[in-house]
Amino acid sequence: MSDEVIIRELVGLDQAMTIFPLYSQVSRLSEAVVCQRLSAMFAQSNYRCIAAYIDERMVGALGFWTGTQLWCGKYIEADNVVVDSAVRGQGIGGKMMAWIEAEAERTECAVVRIAMVLGRERTHQFYARNGYFDDGLLMVKALSRGAAEFPEYASQQV
């Protein structure tokens with residue numbers, strides 16, 4: 001078995017759905033919901049997805065958005081970075097982030113950003129080691145449609 005990590009872009013919904021077994025390691029979403037959401041994301045025309053492989057076995061996946069905001073201009077935002085639990089700590093996440101950073105440079109983005117859930121210290125440490133720093137706080141409020149899926153974000157009425 002080779003240790004070489006190959007990164008490939010997954011083009012279109014069918015290829016992107018090949019991430020489902022890997023993604024299911026970190027999510028309880030059903031395959032139907034993942035398919036529905038990926039379909040909607042691709043329909044927005046600014047979502048892309050890459051996967052990392054060792055010997056043709058998918059060991060990592062990362063989605064990303066390209067956009068423009070007043071504060072920074074053009075940016076790439078990494079979304080749902082997942083590395084197979086069997087190979088975490090072997091540099092695969094760093095290689096995927098390096099790919100994203102190179103793509104951001106190639107497409108003339110000013111910044112790469114990522115939102116992450118608080119309390120995941122290993123994840124926070126990974127991004128800090130790769131040159132990312134805290135630059136704000138993402139505030140979330142679940143609306144009626146999301147309250148069941150995200151009870152931790154439901155508004156606490158006093």
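## Salt bridges

The whole structure holds six salt bridges, each a side-chain nitrogen of Lys or Arg within 4 Å of a carboxyl oxygen of Asp or Glu. This is a predicted model: local features need pLDDT of at least 70, side-chain atom pairs count only at pLDDT 80 or more, and totals for chains, interfaces and linings use all residues. Residues are numbered from 1 along each chain as its sequence is written, and side-chain values use heavy atoms, with hydrogens and water left out.

Arginine 48 pairs with glutamate 9, with the closest N and O atoms 2.8 Å apart. Arginine 48 sits in strand E2 (residues 47-54) and glutamate 9 in strand E1 (residues 6-10), 39 residues apart. Helices (H or I, at least four residues) and strands (E, at least two) are DSSP runs, numbered from the N terminus.

Shared partners join Glu9, Arg48, Glu103 and Arg106 into one network.

Glutamate 103 is buried, at 7% relative accessibility. Arginine 48 is partly exposed at 22%, as is glutamate 9 at 30%. Arginine 106 is exposed at 59%. Buried means under 20% relative accessible area, exposed over 50%, and partly exposed in between (1.4 Å probe, protein chains only).

## Aspartate 84

Aspartate 84 lies in the loop between strand E4 (73-83) and helix H4 (92-106). Aspartate 84 is buried, with a relative accessible area of 9%. Its side chain reaches the backbone nitrogen of alanine 86 at 2.8 Å. Leaving out residues up to four places away in sequence, aspartate 84 touches Leu22, Gln25, Arg57, Met58 and Val59 (contact means heavy atoms within 4.5 Å).

## Cysteines

The disulfide count is zero, where a disulfide is a pair of cysteine sulfur atoms within 2.5 Å. The sulfur of cysteine 35 is 13 Å from the closest cysteine sulfur, in cysteine 49, so the gap is too far for a bond. Cysteine 35 is partly exposed, with a relative accessible area of 29%. Cysteine 49 is buried, at 1%.

Conventions:
A polar contact is a pair of N or O atoms within 3.5 Å; within protein, one must be able to donate a hydrogen and the other to accept it, and residues adjacent in sequence count only if both atoms are side-chain atoms.
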